[in-house]
Each structure stands twice: as C-alpha cells, then as structure tokens.
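Trainee: Could you take me through how to read a structure that is new to me, one feature at a time?

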Amino acid sequence: MSFRIHATCVSIGGRGVLLRGPSGSGKSDLALRLIDRGASLVSDDTTIVERTGHTAPLLRPVEKFEGVIEVRGLGPCRVRHAAAAPLSLICRLGSRPARLPAPHYRRFGRETVREACVDAQLPSAPILIEMLLNGAALPLD
C-alpha cells in the first residue's frame with residue numbers, strides 16, 4: 001500500500017528524513033543545506049510513502065521528479081539523489097521548537113518513528129537533524 005504526502009525527503013547515511021511543513025516553511029532550502037553536508041535528495045515537495053509490512057515505511061520520489069529539487073529564485077535543479085530510503089525521522093517545520101522538548105514518536109503501522117519540531121530558518125537546523133537522527137540528545141532525568 002502506498003500514498004503521497006506533501007513533504008520533502010532526504011537520505012542521510014541510508015536513513016530517510018521526512019521534512020514536513022506548509023508551503024514556504026523551508027523544506028527545500030533545508031534539504032539543500034543537508035545535501036551540502038552529504039545527504040542525498042529522495043523527493044522534493046511530494047513524497048510517496050510505501051508501507052512494506054513489518055519494516056519502516058519506504059520513502060520514494062514521484063518518478064517524474066526523481067533527482068530534481070526546486071530552488072527558490074533558480075527553478076528546478078538536478079542534485080545528488082537516492083531512489084528510496086526507509087523512514088527514520090520526521091521533522092515538522094514551521095513552528096518554534098520547545099527549548100527542552102520531551103521526545104515524541106509517531107506510529108507508522110508497526111513501526112515507531114521519532115518526530116521533532118525543527119526551525120528550518122536556524123543555521124544549525126541541518127546539524128540538529130543529524131544529531132536527532134543519531135540519537136545525540138541526552139535524557140533529561
């Protein structure tokens with residue numbers, strides 16, 4: 001079973017990071033900054049989520065736009081890309097994150113995936129995403 005969602009996705013070390021937010025929230029710009037740090041584009045603006053049973057959902061691009069990202073002020077551009085990536089992290093853009101947030105998780109079928117609020121405008125946003133993906137945050141106890 002598969003469905004489309006309004007989101008951009010990058011692959012970092014083979015793990016899919018889903019960037020969700022309203023139009024203009026900085027999804028493509030943040031994806032470009034992550035690509036500059038070594039990530040690969042999976043999809044820009046529309047992502048196909050494929051539920052594969054007992055494993056993490058697989059994130060894919062719409063075939064017609066594979067490897068293409070829309071750069072504001074420049075237009076569609078080809079970039080380094082991956083054909084697919086398993087969902088490992090969801091980043092909600094467009095709202096201010098809490099200073100010390102409690103970890104939040106979202107269920108996708110039988111899988112549980114970390115979800116975090118990220119301010120895409122912060123220069124540190126790409127590093128924050130890498131830290132979230134790698135479990136760098138310490139427990140607050």
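Mentor: A polar contact is a pair of N or O atoms within 3.5 Å, where, within protein, one must be able to donate a hydrogen and the other to accept it. Please keep in mind throughout that what you have before you is a predicted model.

Trainee: Which backbone oxygen does the side chain of Ser 25 reach, and at what distance?

Mentor: The side chain of Ser 25 comes to 2.7 Å from the backbone oxygen of Pro 22. Ser 25 itself sits in the loop that runs between β2 and α1.

Trainee: Is Ser 25 buried or exposed?

Mentor: Buried means a relative accessible area under 20%, and because Ser 25 has a value of 9%, it is buried. When residues up to four places away in sequence are set aside, Ser 25 touches Leu 93, Gly 94, Ala 120 and Gln 121.

Trainee: What does Gly 26 touch, once residues up to four places away in sequence are not counted?

Mentor: Gly 26 touches Leu 93, Ala 120 and Gln 121 on that count. Gly 26 is also placed in the loop between β2 and α1, and with a relative accessible area of 17% it is buried.

Trainee: Let us go on to a strand. Which polar contacts does the side chain of Thr 47 make?

Mentor: Thr 47, which belongs to strand β4, reaches the backbone oxygen of Ala 7 with its side chain at 2.8 Å, and a polar contact of 2.5 Å joins its side chain to that of Ser 43. Thr 47 counts as buried, because its relative accessibility is 0%. Beyond its neighbours within four places in sequence, Thr 47 is in contact with residues including Phe 3, Ile 5, Cys 9, Leu 18 and Leu 59.

Trainee: And what should I notice about the phi angle of Asp 45?

Mentor: Asp 45 is not a glycine, and yet its phi is positive, at about 75°. Asp 45 is found in the loop between β3 and β4, and as its relative accessibility is 33%, it counts as partly exposed.

Trainee: How should I think about the nonpolar side chains?

Mentor: The general idea is that in soluble globular proteins nonpolar side chains tend to be buried together. In this model the largest nonpolar core has 24 residues, and those that touch the most other members are Ile 12, Val 17, Leu 19, Leu 30, Leu 34, Cys 91 and Ile 129. The elements that give two or more residues to this core are the strands β1, β2, β6, β8 and β10, together with the helices α1 and α2. Another core, of 13 residues, lies apart from it and has Leu 59, Ile 90, Phe 108 and Val 113 among its members.

Trainee: Which residues is Leu 19 in contact with, leaving aside its neighbours within four places in sequence?

Mentor: Leu 19 is in contact with Ala 7, Thr 8, Lys 27, Leu 30, Ala 31, Leu 34, Cys 91, Leu 93 and Ile 129. Leu 34 is found in helix α1 and counts as buried, at 1% relative accessibility. With the neighbours of Leu 34 within four places left aside, its contacts include Val 10, Ile 12, Ala 39, Pro 126 and Glu 130.

Trainee: How are two packed helices described?

Mentor: Two packed helices are described by the angle between their axes and by the distance between the axes. Here the axes of α1 and α2 come within 9 Å and cross at roughly 70°. Angles of 65 to 115 degrees count as roughly perpendicular, and therefore α1 and α2 are roughly perpendicular to each other.

Trainee: Which residues of α1 and α2 meet?

Mentor: From α1, Leu 30, Arg 33 and Leu 34 meet Ala 125, Pro 126, Ile 129 and Glu 130 of α2. The residues of this contact divide into five nonpolar, no polar and two charged.

Trainee: Is Pro 123 buried or exposed?

Mentor: Pro 123 counts as exposed, because its relative accessibility is 72%, and it is found in the loop between β10 and α2. Pro 123 and Arg 33 are 90 residues apart in sequence, while their C-alpha atoms are 9.2 Å apart in space.

Terms used. Residues are numbered from 1 along each chain as its sequence is written. This is a predicted model: local features need pLDDT of at least 70, side-chain atom pairs count only at pLDDT 80 or more; totals for chains, interfaces and linings use all residues. Side-chain values use heavy atoms; hydrogens and water are left out. Helices (H or I, at least four residues) and strands (E, at least two) are DSSP runs, numbered from the N terminus. Buried means under 20% relative accessible area, exposed over 50%, partly exposed in between (1.4 Å probe, protein chains only). A nonpolar core is a set of buried Ala, Val, Leu, Ile, Met, Phe, Trp, Tyr and Cys residues joined through side-chain atoms within 4.5 Å. Contact means heavy atoms within 4.5 Å. Axes are lines fitted to C-alpha atoms, for helices over the stretch in contact, and angles run from 0 to 180 degrees between N-to-C directions. Angles under 35 degrees count as roughly parallel, over 145 as roughly antiparallel, 65 to 115 as roughly perpendicular and the rest as oblique. Ala, Val, Leu, Ile, Met, Phe, Trp, Tyr, Cys and Pro count as nonpolar, Asp, Glu, Lys and Arg as charged, and the others, Gly among them, as polar.
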